[in-house]
Amino acid sequence: MGLNPESRARFNLERASVLLLEDSTMGMSILVQILTGFGVKTLHRCENVEEAQATVQKVELDLVIADALGASGEGYDFIKWLRQSRIEPNCFAPVLLTAGHTPRDAVSKARDCGAHFIMAKPLTPITVLERILWISKEGRRFVECDTYMGPDRRFKNEGVPPGTVGRRRDDLPAVVGEAETPNMDQDVIDGLMKTRRVEL
Amino acid sequence: MSAVRIHIPPVRLAKLLRTPGGLPVAEAVQRAGAGLESLKGECLTELQSVLDSAEGCAARVGAAYDPALLDELYAIVATPIGIPSVCGLASVDTALISLSDLLDYLKGQQRWDANAVAVHLRAFRLLLHTEGAADAAGTQAILAGLRKVSQRYARPETAAE
């Protein structure tokens with residue numbers, strides 16, 4: 001990441017339909033100021049989960065920015081509901097989750113709710129924009145299984161988590177075993193690297 | 001192992017972002033910053049009200065652990081996190097985060113420490129009213145002290161007696 005705040009690169013959010021879920025009046029004002037500054041014209045402001053669910057059912061959304069909504073973590077439950085609602089295309093919408101403070105007993109809930117990114121407050125315009133641009137990238141894999149529905153949480157392939165064997169069919173063991181076939185001949189390797197003229 | 005479906009859904013937002021027009025990053029960030037600047041006065045009023053509510057709530061807690069009041073105090077101080085930075089009072093945000101950590105740890109251990117909470121609230125008042133005049137080193141020393149206080153309860157085995 002690392003978006004330069006002086007960048008002249010352009011982006012267009014004028015036609016984006018954005019749902020904001022935030023129960024604090026000042027928190028909502030902060031989000032509104034940031035997003036209108038970015039040029040967003042269609043904001044669906046929701047003060048509670050019920051309003052947000054009703055909005056999801058009647059409006060097509062391009063982006064969801066939801067707060068965790070305090071210790072109760074109702075914001076996490078809303079994101080989980082959104083993902084499992086099967087209301088397309090909203091259930092696949094990019095989701096930014098904001099949280100002022102995450103209690104220890106809500107950490108796994110936050111991790112597993114299906115948000116694309118969790119942003120700790122205080123929010124600054126440059127970090128919010130950076131995250132919006134990041135989560136909107138095309139080609140992001142979406143995982144659906146019994147226990148989780150949301151974006152693929154593995155951003156980098158650093159192997160399976162330490163001490164585990166991995167849960168995916170294509171997970172490779174952390175320890176590389178002995179070679180099962182003879183090493184390639186050096187000439188063959190050189191041949192792979194050599195520049196060749198090709199006919200197009 | 002449960003059945004897993006992995007697919008790549010279309011992202012309309014990506015296409016919208018690329019449509020002609022819009023704003024340069026620098027201008028968007030500047031516009032958003034100006035919008036936040038306009039909220040400064042409201043934010044300061046809100047923080048004063050948060051401080052009054054927090055002090056009132058803490059005063060109602062006796063010497064013993066009271067889960068309902070602790071939850072109430074947690075909600076009062078955790079909800080406004082993010083607001084102080086809008087008024088240029090990032091140190092108040094740090095103090096609120098430290099206090100929220102402390103209350104979360106105390107709740108986990110079903111304990112109450114009136115002094116630890118009181119020192120956070122006094123720091124909140126001090127930072128809210130005097131930060132403009134205070135030196136940066138003094139502010140950092142206050143925040144480091146708060147962090148030490150809240151971290152005493154971070155792990156049950158090392159909790160303060």
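Predicted model: local features only at pLDDT ≥ 70, side-chain atom pairs only at ≥ 80, totals over all residues.
## Pairing between the chains

Two strands count as paired if DSSP finds at least two bridges between them.

## The contact between chain A and chain B

Taken as a whole, the contact between the chains involves 54 residues of chain A and 49 residues of chain B. On the side of chain A that touches chain B, at least two residues are supplied by each of β1 (10-11), α1 (25-37), α5 (125-135) and β7 (142-144), and the largest share, 8 residues, comes from α1(A). Sorted by class, this side of chain A is made up of 24 nonpolar, 15 polar and 15 charged residues.

Strand β4 of chain A, which spans residues 63-67, is mostly covered, with 5 of its 5 residues buried. In a regular strand the side chains alternate between the two faces of the sheet. In β4(A), A:Leu63, A:Ile65 and A:Asp67 point one way, while A:Val64 and A:Ala66 point the other way, and all of them are buried.

This strand has parallel partners in chain A. Strand β2 of chain A, residues 17-21, pairs with β4(A) in the parallel sense over 4 bridges, and here A:Leu21 has A:Ala66 as its bridge partner in β4(A). Strand β5 of chain A, residues 95-99, also runs parallel to β4(A) and is joined to it by 4 bridges, with A:Leu96 in β5(A) as the bridge partner of A:Ile65. Together with helix α3 of chain A, which covers residues 74-84, the strands β4(A) and β5(A) make a right-handed β-α-β unit.

## The largest nonpolar core

The largest nonpolar core has 87 residues, and those with the most contacts inside it are A:Ile34, A:Leu63, A:Val64, A:Ile79 and B:Leu102. Helix α6 of chain B, residues 90-109, provides the largest share of this core, namely 9 residues. Two of the residues named for their contacts in the core, A:Leu63 and A:Val64, belong to β4(A), where they point in opposite ways.

A:Ile34, another of the residues with the most contacts inside the core, can be followed to its own neighbours in both chains. Leaving aside residues up to four places away in sequence, A:Ile34 touches A:Leu123, A:Pro125 and A:Val128 in chain A, as well as B:Ala32, B:Gly35 and B:Leu36 in chain B.

Conventions: Residues numbered from 1 in each chain as written. Chains lettered and ligands numbered in written order. Buried ≥ 20, exposed ≤ 12 C-beta atoms within 10 Å, placed from the backbone. Right-handed = clockwise from strand over helix to strand, strands pointing away. Contact = placed C-beta atoms within 7 Å. Nonpolar A, V, L, I, M, F, W, Y, C, P; charged D, E, K, R; others polar. Core = buried A, V, L, I, M, F, W, Y, C linked by C-beta atoms within 7 Å.
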